[in-house]
Each structure stands twice: as C-alpha cells, then as structure tokens.
Amino acid sequence: QVQLVESGGGLAQAGGSLRLSCAASVRPFSSYAMGWFRQAPGQEREIVAAISRAGGNMYYRDSVKGRFTASRDNTKNTVYLQMNSLKPEDTAVYYCAAHKAVYALDSYLSQNDYEYWGQGTQVTVSS
C-alpha cells in the first residue's frame, strides 16, 4: 500500500521558518515527480511547489518564490519543503503528492496529475 507521510507542520510566527518532510513508500521513488499543495479553510487546494524526478526542474507559485524551497533526497525516499519568511496567508493544510512520471525533467502542476496523496500537515502562521 502506497503511503505518503508528511511531518514538520505546526505553529510559527510571521517571519519564521518551518521545514516539511514527506516520506514516501512509492518505489522506485526516483520514478515519481512530487508536488506540494496546500488548502486553506474555504479555499481550493492549490499547488505550492513541484519537483521533477531527479530534482532538476522545479516550479513555485508566485506567492512563495524566494521564500520556499523544495528539494528531494532519492536515497531517503523523501521530499522536503523549506518555508522561510512565513506569512499569515501561508496558513493551510499542506499535502505532498506523487506522480509516476515518464520524463525525468517534467514537473506537474495540476492536482489531477497526481495518483498518491499524503494526509496533510497543518501549518499555522500567526501575525
């Protein structure tokens, strides 16, 4: 059974940092492009960052560019989201997702592209 398990969420002050991790049981992990999404109360789920199979191609939504960094360690089957300079508007449940990708350099932006999802981790940023 495929599992994606997020961790690292919590409460942070505005301007602070959090690092999310997502441990994946998909194999081989290097065949999967990964994405980070978030959903705030009353809002649609939105892409935050996407990372290709080997990590060489990344996408960030405009509102997090320069503040968030996605990375992956294929030896640990884990993807990360380093979140710096947090803002109250970053408050949401954050999800990681996995998509078995044919091409190593492609990243995927639509939630419909992803077959597997984690349970989500809450990030709350206080002002």
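Two strands pair if DSSP finds at least two bridges between them. Strands themselves are DSSP runs of E, at least two residues long, numbered from the N terminus. This is a predicted model: local features need pLDDT of at least 70, side-chain atom pairs count only at pLDDT 80 or more, and totals for chains, interfaces and linings use all residues. Residues are numbered from 1 along each chain as its sequence is written, and side-chain values use heavy atoms, with hydrogens and water left out.

**Sheet**

- In β8, threonine 78 is the bridge partner of alanine 23.
- Six bridges join β3 and β8, which pair in the antiparallel sense.
- An open sheet of four strands runs in the order β1-β3-β8-β7, with antiparallel pairing.
- Its edge strands are β1 (4-7) and β7, each pairing on one side only.
- From one strand to the next, the twist averages 15 degrees; axes are lines fitted to C-alpha atoms, and angles run from 0 to 180 degrees between N-to-C directions.

**Nonpolar cores**

- A nonpolar core is a set of buried Ala, Val, Leu, Ile, Met, Phe, Trp, Tyr and Cys residues joined through side-chain atoms within 4.5 Å.
- Buried means under 20% relative accessible area, with a 1.4 Å probe and protein chains only.
- The largest core has 28 residues, and those with the most contacts inside it are Met34, Trp36, Val48, Phe68, Leu81, Met83 and Tyr94.
- Several strands give two or more residues to this core, including β3 (18-24), β4 (32-39), β8 (78-83) and β9 (92-100).
- Another core, of eight residues, lies apart from it; among its members are Ile47, Ala97, Tyr108 and Tyr114.
- Contact means heavy atoms within 4.5 Å.
- Leaving aside neighbours within four places in sequence, phenylalanine 68 is in contact with residues including Val48, Leu81, Met83 and Tyr94.

**Disulfide**

- The count comes to one disulfide, a pair of cysteine sulfur atoms within 2.5 Å.
- Cysteine 22 is joined to cysteine 96, with S to S at 1.9 Å.
- The torsion about this S-S bond is about 50 degrees, so the disulfide is right-handed.
- The pair links distant parts of the chain: cysteine 22 sits in strand β3 and cysteine 96 in strand β9, 74 residues apart.
- Both cysteine 22 and cysteine 96 are buried.

**Serine 52**

- Serine 52 lies in the loop between β5 and β6 (58-60).
- Serine 52 counts as buried because its relative accessibility is 0%.
- Leaving aside neighbours within four places in sequence, its contacts are Ala33, Asn57, Arg72, Ala104, Leu105, Asp106 and Ser107.

Note on methods: Buried means under 20% relative accessible area, exposed over 50%, partly exposed in between (1.4 Å probe, protein chains only).
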